[in-house]
Amino acid sequence: MDPARAAFSAECVRLTEVLADLVDADLDRPTDCPPWTVRELIAHIHTGVGRLADMLAASAPTRAEVDAAGYFSRAKFTPQVDADRIAGGRRDALQVDRGALAAEVERAWRATEAGVAAAPPGRVVRTRHGDAMLLTEFLRTRVVEVGVHGLDLAAALGRSPWLTAPAAEVIADLLTGGHPTPVGLGWDRVTLIRKTTGRAALTAPERAALDAAGFRPLAFGR
């Protein structure tokens with residue numbers, strides 16, 4: 001199985017287990033993705049993990065033009081795009097019923113999983129931003145979506161990170177561009193992901209070490 005596909009499934013299974021355990025009070029907690037609450041962040045994740053089903057139902061572009069790293073470009077995350085994403089999460093959260101939450105998220109990612117399994121090798125899809133991407137590359141962005149926002153949810157809920165090893169590997173590889181993490185930093189993968197996505201502050205020496213190692217910063221809407 002493609003590593004991104006395996007990571008997507010593993011991380012979504014773990015997220016579904018966590019969501020099934022939430023209580024009403026959990027959903028109104030603030031997150032580090034302001035102004036979203038836990039409820040609103042989950043609504044955003046639900047949309048993100050289910051997005052591929054509709055993309056696969058559309059006609060395929062003739063060739064890929066953007067990879068996963070290119071998808072996370074600064075030009076894409078304009079103030080208007082960010083505002084629309086925030087508003088969408090808040091709007092979709094109005095439909096969230098805690099009792100059906102885990103089942104709805106599972107339905108969305110299972111539909112994506114089935115679509116990916118049925119797609120022919122080399123399938124190209126078009127994103128909502130207009131990017132033509134290999135399905136396997138876009139799926140890497142979905143691993144980032146569910147994995148990194150899973151870290152946000154864990155922080156908001158006061159829980160230890162539940163990031164799975166397959167997802168951590170896919171996300172770390174994307175963030176580092178395949179470069180090894182500088183040994184002197186002493187980071188595990190969760191720390192790497194938190195630091196390089198803005199979830200934890202970089203010190204000046206850490207930033208210098210990343211620059212020297214050739215890391216290419218990616219842009220992520222919060």
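The axes of α1 and helix α8 (residues 165–176) come within 7 Å and cross at roughly 130°. That angle makes α1 oblique to α8, and the crossing of the two is left-handed. Keep in mind, as you look around, that this is a predicted model.

| Helix pair | Angle between axes | Axis distance |
|---|---|---|
| α1 and α8 | roughly 130° | within 7 Å |

Now for α1 itself. The helix has 18 residues, and from its first C-alpha to its last it reaches 26 Å, close to the 26 Å expected at 1.5 Å a residue. At its start, a side-chain oxygen of Asp-2 comes to within 2.9 Å of the backbone nitrogen of Ala-4. Which residues of α1 are buried? They are Ala-4, Ala-7, Phe-8, Ser-9, Glu-11, Cys-12, Leu-15, Thr-16, Val-18 and Leu-19.

Stepping back to the whole protein chain, you will find 10 helices and two strands. Of the 222 residues in the chain, 48% are buried.

Another helix worth a visit is α3, which covers residues 38–57. Its 20 residues reach 30 Å from the first C-alpha to the last, close to the 28 Å expected at 1.5 Å a residue. Where is the kink in α3 centred? It is centred on Gly-50, and the kink is about 35°.

Finally, take a look at Arg-199, which is found in the loop between α9 (189–196) and α10 (204–212). Is this arginine, Arg-199, buried or exposed? Buried means under 20% relative accessible area, so Arg-199, at 11% relative accessibility, counts as buried. The side chain of Arg-199 also makes a polar contact with the side chain of Asp-152, at 2.9 Å.

Technical notes. Residues numbered from 1 in each chain as written. Predicted model: local features only at pLDDT ≥ 70, side-chain atom pairs only at ≥ 80, totals over all residues. Heavy atoms only, no water. Helix = DSSP H or I, 4+ residues; strand = E, 2+ residues; numbered from the N terminus. Expected span 1.5 Å × (residues − 1). Bend = angle between axes of the 7 residues up to and from the residue. Buried < 20%, exposed > 50% of the residue type's maximum accessible area, 1.4 Å probe, protein only. Polar contact = N/O pair within 3.5 Å; in protein donor to acceptor, adjacent residues only side chain to side chain. Axes fitted to C-alpha atoms, helices over the stretch in contact; angles between N-to-C directions. Parallel < 35°, antiparallel > 145°, perpendicular 65-115°, else oblique. Left-handed = near helix turned anticlockwise from the far one by under 90°.
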